[in-house]
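Here is a protein chain to walk through together, one question at a time.

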Amino acid sequence: MKRFLFGLIVFILGAVVSVFNYIDAVLNPGTYNGIGGLQGAFLCRGTLGITVVFVIVMLAGLGICGLEAYRKR
């Protein structure tokens, strides 16, 4: 149960930061060296790397939750 809660907390942390960065990129569009759209907004704000890292953190938390929920005891 402790690992499941840890995975849930990691998932929520990754999801909150990822959603915040996504909303920030959508509300503040930009063009970075001719690159537009969502990727250009992430590059213009400098949050592309942070978003990718926290999406990976979110998926890791989801994986921990899945492993703990369906683990045989």
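Q: Are α1 and α2 roughly parallel or roughly perpendicular to each other?
A: In this predicted model, the axes of α1 and α2 are 9 Å apart and meet at an angle of about 105°. Here axes are lines fitted to C-alpha atoms, for helices over the stretch in contact, and angles run from 0 to 180 degrees between N-to-C directions. Angles under 35 degrees count as roughly parallel, over 145 as roughly antiparallel, 65 to 115 as roughly perpendicular and the rest as oblique. The pair α1 and α2 is therefore roughly perpendicular.

Q: Which residues of α2 make the contact with α1?
A: Contact means heavy atoms within 4.5 Å. From α1, the contact is made by Asn21, Tyr22, Asp24, Ala25 and Val26. Their partners in α2 are Leu38, Ala41, Phe42 and Arg45.

Q: What ground rules apply to the numbering and the confidence in this model, and what is the mean pLDDT of the protein chain?
A: Residues are numbered from 1 along each chain as its sequence is written, and side-chain values use heavy atoms, with hydrogens and water left out. As this is a predicted model, local features need pLDDT of at least 70 and side-chain atom pairs count only at pLDDT 80 or more, while totals for chains, interfaces and linings use all residues. pLDDT is the predictor's confidence in each residue, from 0 to 100. In the protein chain, 100% of the residues reach 70 or more, and the mean pLDDT is 92.

Q: Which element of the protein chain has the highest mean pLDDT?
A: Helices (H or I, at least four residues) and strands (E, at least two) are DSSP runs, numbered from the N terminus. Among the elements, helix α2 (residues 37-45) has the lowest mean pLDDT, 92. The highest, 94, belongs to helix α3 (residues 48-69).

Q: What distance does α3 reach from its first C-alpha to its last?
A: The expected span of a helix is 1.5 Å times one less than its number of residues. For α3, with 22 residues, the expected value is 32 Å. The model comes close to this, as α3 reaches 32 Å.

Q: Which residues of α3 are buried, and where around the axis do they lie?
A: Buried means under 20% relative accessible area, exposed over 50%, and partly exposed in between (1.4 Å probe, protein chains only). The buried residues of α3 are Thr51, Met58, Gly61, Cys65 and Glu68. They cover an arc of only 120° around the axis (taken from the directions from the helix axis to the C-beta atoms), which puts them on the same side of α3.

Q: Which exposed residues lie on the other side of α3?
A: The buried residues of α3 pack against α1 (2-27) and α2. On the other side of α3, the exposed residues are Ile56, Leu59 and Leu67.

Q: Which residues does Thr51 touch, not counting residues up to four places away in sequence?
A: Thr51 lies in helix α3, and it counts as buried at 10% relative accessibility. Its C-alpha atom is separated by 6.5 Å from that of Asn21, 30 residues apart along the chain. Leaving out residues up to four places away in sequence, Thr51 touches Ser18, Asn21 and Phe42.

Q: Which helices do the buried residues of α1 pack against?
A: α1 has 26 residues and reaches 38 Å from its first C-alpha to its last, close to the 38 Å expected. In α1, Gly7, Val10, Gly14, Ala15, Ser18, Asn21, Asp24 and Ala25 are buried. These buried residues pack against α2 and α3.

Q: Which residues of α2 are buried?
A: The buried residues of α2 pack against α1 and α3. They are Gly40, Ala41 and Phe42.

Q: Is Asn33 buried or exposed?
A: Asn33 lies in the loop between α1 and α2. Its phi is positive, about 50°, although Asn33 is not a glycine. At 71% relative accessibility, Asn33 counts as exposed.

Q: How far apart in space are Val53 and Ser18, C-alpha to C-alpha?
A: Val53 lies in helix α3 and counts as partly exposed at 46% relative accessibility. Val53 and Ser18 are 35 residues apart in sequence, and in space their C-alpha separation is 8.9 Å.
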